[in-house]
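Work through the following exercises with the sequence and the 3D structure at hand, and try each task before reading its solution.

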Amino acid sequence: MPSSPRHRQRCAPPVLLAVVLLASLLASGALAPCAAWAQTGAAADRRSAEVAQVLFGIVSYVRWPVARQEVRVCMLGTPHYGAAIVDMPASSLGQRIRVKIPAVASAASECDVVYMGSLPEGEREHLLAQIIGKPILSVAEPGSSCAVGTMFCLRLNEAQIGFDVNLDAIARSGLRVHPNALQIARRKGPPP
């Protein structure tokens, strides 16, 4: 039987179906875990961006014995906050910053800054043995153990990101760190 123009069924456009389906899933609460994950993901992205900003701020306070036109930041281990560091390489005070992820920790001697994520204790000690006494800035990520030879150890609490400074490691490196960075480190902020 031929269909008349009055009795033709119309299919809803796919976009409209997707919107209706999404609205019904939200109304039923089926996507609540996904929404919580998205909020957690957004908070983690924000925190990563804050860690990157603190790292690049520390770099801006450091002077190497020989001026660098480009500061090479190497991320080693498994960094928890590394994505934002790679995504937002910056320039500070006329220095370009290039972020690289070397395959092995032995490449640390080709870096101006070593940003350490979580590393097995033996690897961390081996890495620090390579760079102690050299003009290589070492920064440990929050949550990783802050080894004796690390110059800056980032720390997190709900309100802010701070850092602790190892003056002995800095003195042995030959790097000059502006006193303002040391003053910032002294301000501990509220306990976590």
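**Exercise 1. Find how many aromatic pairs the whole structure holds, and describe the geometry.**

Solution. Begin with the rule: rings of Phe, Tyr and Trp (its six-membered ring) pair if their centres lie within 6.5 Å, and planes under 30 degrees apart count as stacked, over 60 as edge-to-face and the rest as tilted. A search of the whole structure with this rule gives 1 aromatic pair. Its members are Phe152 and Phe163, whose ring centres are 5.5 Å apart and whose planes make 65 degrees, an edge-to-face arrangement.

Before going further, note that this is a predicted model, in which local features need pLDDT of at least 70 and side-chain atom pairs count only at pLDDT 80 or more, while totals for chains, interfaces and linings use all residues. Residues are numbered from 1 along each chain as its sequence is written, and side-chain values use heavy atoms, with hydrogens and water left out.

Phe152 belongs to strand β7 (residues 152-156) and Phe163 to strand β8 (residues 161-165), so the pair ties together parts that are 11 residues apart in sequence. Finally, check burial, where buried means under 20% relative accessible area, exposed over 50% and partly exposed in between (1.4 Å probe, protein chains only). Phe152 is buried at 0%, and Phe163 is buried at 6%.

**Exercise 2. Locate the disulfide and describe the link.**

Solution. The partners are Cys74 and Cys111, with their sulfur atoms 2.0 Å apart. Cys74 sits in strand β2 (residues 70-76), whereas Cys111 sits in the loop between β4 (95-100) and β5 (113-116), so that the pair links distant parts of the chain, 37 residues apart. The angle about the S-S bond is -90 degrees, which makes the link of Cys74 and Cys111 left-handed. Cys74 is buried, with a relative accessible area of 0%, and Cys111 is buried as well, at 2%.

**Exercise 3. Describe the surroundings of Ala108.**

Solution. First, find Ala108 in the loop between β4 and β5; at 0% relative accessibility, Ala108 is buried. Then list its contacts (heavy atoms within 4.5 Å): apart from neighbours within four places in sequence, Ala108 touches Leu76, Val114, Leu127, Gln130, Ile131 and Ile136.

Note on methods: Disulfide = S-S within 2.5 Å. Helix = DSSP H or I, 4+ residues; strand = E, 2+ residues; numbered from the N terminus.
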